[in-house]
Amino acid sequence: MTRITMTVDGATVSDDVAPRTLLVHYLRETLGKTGTVVGCDTSNCGACTVHLDGQSVKSCNVLAVQADGAEATTIEGLASDGELHPVQRAFHECHALQCGYCTPGMIMQSVDLLAENPDPSEEQIRIGLEGNLCRCTGYQNIVEAVRTAAKEVRS
Ligand code: FES
Ligand code: FES
C-alpha cells in the first residue's frame, strides 16, 4: 500500500491505496464520490472525467498514486454556495441529458473546454467533447447547453 494525500472537492484526504488502484475507483469506493461514474473499460467514454490540477482527465486512466499531492474536482465539487455551476444549469435548462450517465463527465469536460475557450464555435464544442460519448441525446442539446453556458460565463 502507498500513502497518498490530495485535495478532493476542497477537502484534504489521505489514504493508503494499492499501487494499481485507479483514481476513479479511489474517488468512488474510498471517498464515496459516486457522481463520477465508470462507463467503459477501454478509456474512451469519458464518463469518469474529473479535473486534476485544473485540467480534465479521464480518472479511469490515472492511478490514484499519480494523483498524490494534486487538487481534484469532481462533479460533486462544481457547485458553490448552493448554486449550480453555469454549465450544470445550462445542461438542465437545455435538456442536455436523458439517462444522465454521461452527464457528470460531459459537464466536467465542458467546464474545461470553456476555461480554455470561452467563445467556442459549434465545431470547436464538438471537437472539445469528442472524447465523451453519449448514447442518448444525439449531442445537439449538449452543444446547445455549452453555447448557453458560454454566454453566461462571458457575461
Ligand atoms: S470509464 Fe473512463 S473513459 Fe470510460
Ligand atoms: S444522456 Fe444517456 S448517455 Fe448521455
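Buried here means under 20% relative accessible area, with exposed over 50% and partly exposed in between (1.4 Å probe, protein chains only). By that cut-off C40 is buried, at a relative accessible area of 19%. What follows is about a predicted model, where local features need pLDDT of at least 70 and side-chain atom pairs count only at pLDDT 80 or more, while totals for chains, interfaces and linings use all residues. Residues are numbered from 1 along each chain as its sequence is written, and side-chain values use heavy atoms, with hydrogens and water left out.

**Overall build**

- The protein has five helices and five strands, taken as DSSP runs numbered from the N terminus (helices are H or I, at least four residues; strands are E, at least two).
- Along the sequence, the order runs β-β-α-β-β-β-α-α-α-α.
- The radius of gyration is 15 Å, which agrees with the value near 15 Å for a compact globule of 155 residues; it is taken over C-alpha atoms, and the globule rule is 2.2 Å times the number of residues to the power 0.38.
- Along the principal axes, the C-alpha atoms fill a box of roughly 45 × 35 × 25 Å.
- Of the contacts with a separation of 6 or more, 55% come from residues 24 or more positions apart (contact means heavy atoms within 4.5 Å).

**Burial and charge**

- Buried residues account for 43% of the 155 in the protein.
- There are 11 positive and 20 negative side chains, with the centres of the two sets 5 Å apart; Lys and Arg count as positive and Asp and Glu as negative, leaving out His and the chain ends, and each charge is placed at NZ of Lys, CZ of Arg, CG of Asp or CD of Glu.

**H51 and its surroundings**

- H51 sits in strand 3 (residues 49-52) and, at 8% relative accessibility, counts as buried.
- A polar atom of the H51 side chain lies 2.7 Å from the backbone oxygen of M108.
- Setting aside neighbours within four places in sequence, H51 touches S56, E71, A72, T73, M108, V111 and D112.

**Loop residues worth a look**

- C40 is in the loop between helix 1 (23-30) and strand 3, and its C-alpha atom is 9.1 Å from that of C60, 20 residues apart along the chain.
- D81 has a positive phi near 50° without being a glycine; it lies in the loop between strand 5 (71-73) and helix 2 (86-93) and is exposed at 79%.
- Y139, also not a glycine, has a positive phi of about 75°; Y139 lies in the loop between helix 4 (122-128) and helix 5 (140-154) and is partly exposed at 28%.

Definitions and conventions. Chains lettered and ligands numbered in written order. Polar contact = N/O pair within 3.5 Å; in protein donor to acceptor, adjacent residues only side chain to side chain.
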